[in-house]
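The sequence and the coordinates are shown first, and the description comes after them.

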Amino acid sequence: MAQSMAFNSAAGLGGMLKDGHEHYFDDMEGGAVVARSIAAACELSRMLASSMGPQGRCKLVVNHLEKMIVTSDCAAILKEIEVEHPAAKLLEKAVRQQETECGDATNLCLMFAGELLNSTLDLMRTMGWRHSSDILEGYHMAADKLLNDLLPNTCVVQQIGHPAKDIEGLKTVLKPVMGSKQHGTEEVLADLVAQACQIVLKEGLVLQPESIRTVKIMGGNLGESVCIKGFVAKRAVETVLTSAEDAKIAVFASGIEASSTEAKGTVLMKTADDLKNYNKTEEAKMDEIIAGIAQSGIKVVVTGGSISDMALHFIERYKMVALRIGSKWELRRLCQATGATALVRLGAPTPDEMGRATVTQKSVGGTTVTVFENDAESKIATLVLRASTSSVLNDLERAVDDGVHAVEMACKDGRLVYGGGAAEMECAVHLDAFADKHPGLEQYAIRAFAKSLECVARTLAENAGWDALQVVADLRAAHVSGEADKGVDIADAPGITSMKDSAIYDLFKVKRSALKLGIEAATTVLKVDQIIMSKKAGAGPRQ
Amino acid sequence: MNQMGMRPGIIILREGTDSSQGTPQLVSNINACQAVADAVRTTLGPRGMDKLVAKGNNTTISNDGATIMKLLEIAHPAAKTLVDISMSQDLSVGDGTTSVVLLAAEILSKLKPLVEEGLSPTRMIQTIRRTGKQAVQKVKDMAISPDQQTMLLKCASTALNSKLISSHQDLFAPMVVSAVTKLHESGNVDEIADWIAIKQIPGGDVRSSFLVEGVAFKKTFSYAGFEQMTKRFEKPKILLLNVELELKSEKENAEVRISSPSEYQSIVDAEWQVIYDKLDACVASGANIVLSKLPIGDLATQYFADRGLFCAGRVVDGDLKRVAKATNASIQTTTNGLTDEVLGTCGLFEEKQVGDERFNLFTECPSTLTCTVVLRGGTEQFIAESERSIHDALMVVKRTIQSGSVVAGGGAVEMSVSNFLRRRALEIEGKEQLIVSAYSKALEVIPRQLCENAGIDATDTLSALRRKHAQDGDDAKWYGVNIEEGGITDTFELGVWEPSDNKMNSFEAATEAACVILSIDETIITPPSQDPGAQASGMMGGAGGPPMGGGGGAPMGGMMGSAMDIANSGGARSGQLAPGVSYMKGRGGG
């Protein structure tokens, strides 16, 4: 409908919309809308392809706040670069979805979507820009076959138990995830994350990603990073006393100070005695409160607010340790780690409201931290990360985050497929066979779909510096002859190797979700035949 | 033009976004790093020159790499990585901040030809990471642990040697060592900045600087009656307060309402009573010295003076804490319930004239873990730089205590590692050989720069060193540059020692920084956002002048591009600095 109007006259659609809108349709100079959308989307995926896999390169992004980020994490890059083109944005949305759902394999999602669109472009060229519905139909069939049959039935090769029990399985999952972010350090990182997971994971439960925290301290190197069973606050204690062994802890959400009324009040004094005693009573009151806390056996006081000088004085006098934690989130984590309940009133906590931990103050690389270690059940583990530049540090944090998400997914579904492009190539080979049996125009689409799956192996090989064409050909040959475990060898020499022997596995659930979202994003782009953009609110240039 | 332009297929990022990629981008990043290294290159070593950085009204003269890098406000995103590593070296070791930057830049520049030849950077990263580990391991193997006292003294001398006050190291090195050793004995060596104070007194001679084993601070603002006070006590009792001893209203929101005029006097009396009660409590506690964070007024000063006490108000927080630590006193927020426990003591308290300032000194304290270094010197800048140097030396001594092992400086350890890696390289097959030998060659930058700064023929010295190390292997492992006489020598014999941690950390950090730069294959710069809040925060980086300046006319040839072009052409270094920074070098500047 809209299209026919646009054909009619220049005044057609343009006349109906507000000034400053933009409208793109098929007959415009420069090819069909779909072709140009595809070009934009492909551009984006090509840009990020070089960041794929363990040998992927980083991007240096300076965002609009002039913050500098060096990373190879696809989702992190996309978040900062502000994609504008609507079609490319669809892909970005898919990536974001993958990041929230699985936390990993975001680049796979983007790359596959881009590759699928690229194949479509070739296909449409040969088919003369028609039959796009046939192509879509073919894609749907291929996707259905891939996601519901090939991946779960043919590709799943191993199943690990729940990570709480299966430590080896846990490391198997973690290593490739870490390797693809921080190649060369995956052993150390995987160990750290595995340790942290061991602390917080309960059998049969799904890992809460928030329960693993990271504290970044500049200086030193990754090897000096440690996993701490409990909580680490990046600030020094307030008191002279700095440590307490297996201490009872009181956490106050409010500040420790004489409470003042919200309404403005004036202290009215009538006699000279009032004046003399005024300060003494305030002092006595604080003494009473702090003494009460001390008597209940509390050795460490943590507060979310400020500590008045007077309160600190009495805390010192009763030989307690006091710490301030500014952030509400941190305070909540501390409560989780020590088993304390945050109190809003000032006074001695009941035994259930107390936490327990060993508190020590340490200096790590010039930064003073306070460590709450809890030998008994701790619901929080903290990774203290060390690296010599802040950009490496931030990238390590992202890698840990991805690792933790991978463990979370592994808790839900422990099925594994081969990594290193092996699973995709296996599916491609099977899909080709599937296409051969299919009459009609869909056959071309299915074949193009199968071909797109090869992009994983190709990019991995390219990024590793190998001759990609040769590697893909070798790999294909291996898979056709039944060696399903062969993938790209990125570590040693150009060529292919057994993923089983190198123990490179990906989580089935993550891979399926990445491919599914990629396919959905690509097919959505293909369905677009017109782009209409209304004028941006406020942002446009004023005449 | 509209936001989207006419060809949506091309513009996928926000207008004004600048991106550059591929080998040229990497090469230009490497060039930028080199330019940054060039800025601090001449400060290395005992014969290194200082830099004068003028920023607003502040003038800083410094020889410390980290300080200079911090002041330069480097805007180039990749080159910022070098600032990071110099900071991290400063934080974790405290010295060697220039060498880490030089090393990182040199590794990159030695790899540059390989990048240009098209060697895969990912291969390089892997190889140099591995090589870096080997280098660190080699340092670890080479390090030796001699007698602690000599070790500390030599390390402190070496650290001070490269600074402005190098000619007075015989004075400062023992000072620094004794300060840190005291702190170490009490197990608080991590909190060096809290417990060792450095006080500056402009004027006088550097040689008249001294160390107080205890606490020293400048006489605080004095009130009437101050002159009558006793200025010297032996074994005094010390009371530390966080209380204001002045006649004033107790609380801001308190209001007194009286019903008859006769009551008026009683209120006034009560106010006096309140302060007298406090003063009485102080005197009754038996203290001889009263110090407070808050003011001690005329009345109180006079009152204490009459009773033979010494008092000082408005003592700086850090000083008061140090007094507490040294004398075992605890700071009181109230004068009620003072017991003997909260009082501290020391062997001797006195007020002394230093230069044209009077100083309060607390010495012979029961727990003498805190020390104060009192620095004298001609100009403010001179003392400021001296303070930084002392600080560096303190950190180095601390590091030495912690690591317990040393290596020889003067480029010796770098030459040894370089020699070791060169041999390793020859055993490697394929392209990695080139990478490892590039790394080994990069390590030579330290001795070369030492020579150049000292005016010694670098090429001759370096080849002599290389030969010595290659021929005699481990026997000659401590051969480095002899700065004093030229030529090569066993620097270990010469007493040029550095903590091994220092070197290990700088190798690690330099390797990591090189990896970060190499791993970048694309630089994308989003223009600063237009809302005013963001603009204000954007001022800190200042990557490209006015926020929309680069994006307005030529989106692609924007800010980043031009900075890179400059770096590429190897011309003016101002390309790496924030806009408006001028750069002068040598004698001809002006």
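## Overall composition

The structure is a predicted model. Chain A has 543 residues, of which 56% count as buried, and its secondary structure comes to 18 helices and 19 strands. In chain B, 57% of the 590 residues count as buried, and the secondary structure consists of 21 helices and 20 strands.

Chain A exposes about 22,700 Å², with 51% of this area supplied by carbon and sulfur atoms. In chain A, 75% of the contacts between residues at least 6 apart in sequence join residues at least 24 apart. In chain B, residues 24 or more positions apart account for 76% of the contacts with a separation of 6 or more.

## Domains

Chain A is divided into domain 1, made up of residues 12-158 + 418-533, and domain 2, residues 230-377. Taken over C-alpha atoms, the centres of domain 1 of chain A and domain 2 of chain A are separated by 55 Å.

The division of chain B gives domain 1 (40-144 + 408-522), domain 2 (148-213 + 373-404) and domain 3 (215-367). Between domain 1 of chain B and domain 2 of chain B, the C-alpha centres lie 25 Å apart. These two domains are in contact through 23 residues of domain 1 of chain B and 19 residues of domain 2 of chain B.

## A four-stranded sheet in chain B

Chain B contains an open sheet of four strands in the order 11-10-8-12, with mixed pairing. Its edge strands are strand 11 (310-312) and strand 12 (344-345) of chain B, each of which pairs on one side only.

In general, strands of a sheet pair through backbone hydrogen bonds, either parallel or antiparallel. Strand 10 of chain B, residues 289-292, pairs with strand 11 of chain B in the parallel sense over three bridges. Within strand 11 of chain B, B:Ala312 is the bridge partner of B:Leu291.

## Buried residues in helices of chain B

B:Leu82 is placed in helix 3 of chain B. The residue counts as buried because its relative accessibility is 0%, under the 20% limit for that class. Leaving aside neighbours within four places in sequence, B:Leu82 is in contact with B:Cys33, B:Val36, B:Met69, B:Val101 and B:Ala104. The C-alpha atoms of B:Leu82 and B:Leu240 are separated by 45 Å, and these residues are 158 residues apart along the chain.

B:Thr461 belongs to helix 16 of chain B, which covers residues 458-472. With a relative accessibility of 5%, B:Thr461 also counts as buried. Not counting residues up to four places away in sequence, B:Thr461 touches B:Cys451, B:Ile456, B:Val481, B:Gly487 and B:Ile488.

## A nonpolar surface patch

B:Val256, B:Ile258 and B:Tyr264 make a nonpolar surface patch of about 260 Å². One of these residues, B:Tyr264, lies in helix 9 of chain B, residues 262-284. B:Tyr264 counts as exposed because its relative accessibility is 52%, and the class requires a value over 50%.

## Residues with positive phi

Most residues other than glycine have a negative phi. A:Asp246, a residue other than glycine, has a positive phi near 40 degrees. A:Asp246 is found in strand 7 of chain A, which covers residues 244-252. At 45% relative accessibility, A:Asp246 counts as partly exposed.

B:Glu73 is not a glycine, yet its phi is positive at about 50 degrees. Where is B:Glu73 placed in chain B? B:Glu73 is in the loop between helix 2 (65-72) and helix 3 (80-92) of chain B. Its relative accessibility is 36%, so B:Glu73 counts as partly exposed.

Terms used
Residues numbered from 1 in each chain as written. Chains lettered and ligands numbered in written order. Predicted model: local features only at pLDDT ≥ 70, side-chain atom pairs only at ≥ 80, totals over all residues. Heavy atoms only, no water. Pairing = 2+ DSSP bridges. Helix = DSSP H or I, 4+ residues; strand = E, 2+ residues; numbered from the N terminus. Buried < 20%, exposed > 50% of the residue type's maximum accessible area, 1.4 Å probe, protein only. Contact = heavy atoms within 4.5 Å. Areas by Shrake-Rupley, 256 points an atom, 1.4 Å probe, with all protein chains shown as cover. Domains from an automatic or database assignment. Patch = residues over 30% accessible without salt bridge, like charges linked within 9 Å, V, L, I, M, F, W, Y side chains within 5 Å. Salt bridge = Lys/Arg side-chain N within 4 Å of Asp/Glu carboxyl O.
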